[in-house]
Amino acid sequence: MPRFYVPNPSIKNDILKIEGPEVRHIIKTLRLKPGDWITVFDGLANDYEGVIIEEKKGSVSINIKNILPSPKEPPIDITLAQSLLKGEKMDYLIQKAVELGVKEIIPFISSRTIPDYDRSKSQKRQIRWEKIAIEASKQCGRGVIPKISPIKSYSEVLDLSSPSSFNILLWEKNGIKLKDILKEKRDKIFFIVGPEGGISPDEVEQAKTKGFIPVSLGKRILRSETASLCFISIIQYEWGDIG
């Protein structure tokens with residue numbers, strides 16, 4: 001059943017009126033008609049199943065038949081703090097991390113971050129990333145739109161960690177083996193992945209003082225985006241809903 005994102009949906013007498021960009025997707029792209037079933041999700045883990053009853057210029061009305069909790073949210077809360085990547089790599093990472101079930105993505109700048117940070121363009125970047133997160137959520141059937149945080153500094157990221165979460169820094173040099181931390185199930189993970197140039201020794205020490213555990217993914221040096229997606233996949237397999 002096709003899915004469409006409508007934040008804060010208003011339902012009156014079992015009728016939900018859809019306006020905005022999703023209308024064109026329904027009418028022009030998918031060519032759906034009255035009588036077709038669709039699902040609307042609000043980004044807060046609620047699904048609204050219904051039948052299209054009317055199409056007008058700029059709006060589509062559906063008769064809501066069922067309101068259900070979204071069945072596809074993972075049981076584990078994963079926050080990814082990712083150093084900015086070059087070119088379209090960040091777009092790709094956000095798309096795939098959303099598909100794999102992260103709850104929040106925090107882009108950040110560290111001492112070895114390669115892309116130049118242009119503050120004037122940061123808002124446009126965030127808007128694009130939020131759109132990518134929405135489209136990825138629609139595609140994979142998620143009921144929650146992961147939060148895309150504004151770009152932070154490395155020190156700000158460290159301050160965002162919580163004592164209630166399992167705080168991990170992926171480090172390719174002297175981190176402990178990943179399999180050694182998988183013995184006890186956790187339901188909240190906050191992990192940091194550095195830039196293509198790696199995390200500096202000083203930044204590793206800063207993370208340790210904030211309670212982060214340096215963890216290695218193995219002998220091979222992975223690209224930053226590969227390391228992020230590899231870690232999420234393993235955690236979802238061991239503690240989440242993959243497999």
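Predicted model: local features only at pLDDT ≥ 70, side-chain atom pairs only at ≥ 80, totals over all residues.
The protein chain contains 243 residues, of which 46% are buried. Its secondary structure consists of six helices and 14 strands. The C-alpha trace extends over about 60 × 40 × 30 Å along its principal axes. The accessible surface amounts to about 13,000 Å², and carbon and sulfur atoms contribute 49% of that area. Among contacts with a separation of 6 or more, 74% are between residues 24 or more positions apart. The chain carries 38 positive and 32 negative side chains. The centres of these two sets of charges are 3 Å apart.

An open sheet is formed by six strands in the order β1-β4-β5-β6-β3-β2, with mixed pairing. Strands β1 and β2 are the edge strands, each pairing on one side only. Strand β1 covers residues 3-5, and strand β2 covers residues 11-12. Within this sheet, strand β4 (residues 37-41) and strand β5 (residues 46-56) are antiparallel and are paired over five bridges. In this pairing, Val40 is located opposite Tyr48 of β5.

Arg3 is part of edge strand β1. The relative accessible area of Arg3 is 15%, and the residue is therefore classed as buried, the cut-off being under 20%. A polar contact of 3.2 Å links the side chain of Arg3 to the side chain of Asp47. When residues up to four places away in sequence are not counted, Arg3 touches Thr39, Phe41, Asp47, Lys138, Gly141, Arg142 and Gly143. Of these partners, Thr39 and Phe41 fall within the residue range of β4, and Asp47 falls within that of β5. Lys138 is a further partner of Arg3, and its position lies within the range of helix α3, residues 119-140.

Glu22 is located in helix α1, which comprises residues 21-29. With a relative accessible area of 8%, Glu22 is also buried. A polar atom of the Glu22 side chain is 2.7 Å from the backbone nitrogen of Tyr5. The side chain of Glu22 also makes a polar contact of 3.0 Å with the side chain of Lys138. Apart from neighbours within four places in sequence, the contacts of Glu22 are with Phe4, Tyr5 and Lys138.

The burial applies to both faces of β7. One side presents Asp77, Thr79, Ala81 and Ser83, and the other presents Ile78, Leu80 and Gln82. Strand β7 runs parallel to strand β13 (residues 188-193), to which it is joined by six bridges. Thr79 is positioned opposite Phe190 in β13. Strand β7 is also parallel to strand β8 (residues 104-109), with five bridges between the two. In that pairing, Leu80 is positioned opposite Ile105 of β8.

Strand β14 (residues 213-216) is paired with strand β11 (residues 166-170) in the parallel sense over three bridges. Leu169 is set opposite Pro214 of β14 in this pairing. Strand β14 also pairs with strand β12 (residues 176-177), again in the parallel sense, through two bridges. Here Lys177 is set opposite Ser216 of β14.

Helix α3 (residues 119-140) includes Ile127. The relative accessibility of Ile127 is 40%, so the residue counts as partly exposed, a class that lies between the limits of 20% and 50%. Along the chain, Ile127 and Val144 are 17 residues apart, and their C-alpha atoms are separated by 17 Å.

Notes: Residues numbered from 1 in each chain as written. Heavy atoms only, no water. Helix = DSSP H or I, 4+ residues; strand = E, 2+ residues; numbered from the N terminus. Buried < 20%, exposed > 50% of the residue type's maximum accessible area, 1.4 Å probe, protein only. Contact = heavy atoms within 4.5 Å. Areas by Shrake-Rupley, 256 points an atom, 1.4 Å probe, with all protein chains shown as cover. Lys, Arg positive; Asp, Glu negative; His and termini not counted. Charge placed at Lys NZ, Arg CZ, Asp CG, Glu CD. Polar contact = N/O pair within 3.5 Å; in protein donor to acceptor, adjacent residues only side chain to side chain. Pairing = 2+ DSSP bridges.
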